[in-house]
Amino acid sequence: MVTLKHDDKLQEGSECSFQSAVLYTTIDGQRRIRVSTLALPCTTMLSNLFRSADLDTQFACILKQAASEVPTAPLSRIREQVTNLCINILHSYRKYCATVSSSGQLILPEALKLLPLYTLGISCLPFSQALHFQMI
C-alpha cells in the first residue's frame, strides 16, 4: 500500500491522475509491464467525497494498515485503532456534511452505511481470521 501526499492546491472541477506500473515476468519468461491509470475529479466539498466513497477499498486499506501493525502492537490496541478510525470517519460526516438532527440519531453516509458493520465484524474475530477473509 502506498500513501501519497500533495501539498499544493487543486482546482475545483479539474482531474487528478494517478498512474502506476508493474514490471513482471510471465511463466514463459516473457517480460511485461502493466500500467494502470486512474483519473479522479477534484473537489473542495467534503460531501462529494463521502458520496463517491468506495467502502470495500477503504476497508481494505484499513485492514492493510492494521495488518502492518500486528508484529509490533497488541491486538487489543489494533482493534481499538480500527474502531476509532470508523468513529472518526462517521463523526466527520455528521459534523461537516449531515443536516441538523437529534444528537442520539445515527447518521451514516449512503456509500459507507456498512462501515460500522465491517468494523464490528473485524473486532469480533481473532485478527488472523479476519486477515484471512480480507485476502480472499
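How do the axes of helix α2 and helix α4 cross? In this predicted model, the axes of α2 (residues 55-69) and α4 (residues 115-124) come within 11 Å and cross at roughly 30 degrees. That makes α2 roughly parallel to α4, a label given to angles under 35 degrees. Axes here are lines fitted to C-alpha atoms, for helices over the stretch in contact, with angles from 0 to 180 degrees between N-to-C directions. Helices (H or I, at least four residues) and strands (E, at least two) are DSSP runs, numbered from the N terminus.

Residues are numbered from 1 along each chain as its sequence is written. Local features need pLDDT of at least 70 and side-chain atom pairs count only at pLDDT 80 or more, while totals for chains, interfaces and linings use all residues; side-chain values use heavy atoms, leaving out hydrogens and water.

On the α2 side, Leu-55, Asp-56, Phe-59 and Leu-63 meet Leu-115, Tyr-118, Thr-119 and Ile-122 of α4, where contact means heavy atoms within 4.5 Å. The residues of this contact comprise six nonpolar, one polar and one charged. In this scheme Ala, Val, Leu, Ile, Met, Phe, Trp, Tyr, Cys and Pro count as nonpolar, Asp, Glu, Lys and Arg as charged, and the others, Gly among them, as polar.

Helix α4 also meets α3 (residues 75-96). The axes of α3 and α4 come within 10 Å and cross at roughly 175 degrees, and the two helices are therefore roughly antiparallel (over 145 degrees). From α3, Arg-79, Val-82, Thr-83, Cys-86, Ile-89 and Leu-90 meet Leu-115, Pro-116, Thr-119, Ile-122 and Ser-123 of α4. Seven nonpolar, three polar and one charged residue make up this contact.

Thr-119, in α4, is buried at a relative accessible area of 6% (buried means under 20%, with a 1.4 Å probe and protein chains only). Beyond its neighbours within four places in sequence, Thr-119 is in contact with Phe-59, Val-82, Thr-83 and Cys-86. Leu-90, in α3, is likewise buried, at 13%. With the neighbours within four places again set aside, Leu-90 touches Leu-108, Pro-109 and Pro-116. The C-alpha atoms of Leu-90 and Leu-108 are 6.6 Å apart, although 18 residues separate the two in sequence.

Turning to the strands, β1 (residues 15-25) and β2 (residues 31-41) run antiparallel and are joined by 11 bridges; pairing requires at least two DSSP bridges. Cys-16 stands opposite Leu-40 in β2. The two strands form a hairpin with five residues between them, and Gly-29 in the turn has a positive phi of about 85 degrees.

Definitions and conventions
Parallel < 35°, antiparallel > 145°, perpendicular 65-115°, else oblique. Buried < 20%, exposed > 50% of the residue type's maximum accessible area, 1.4 Å probe, protein only.
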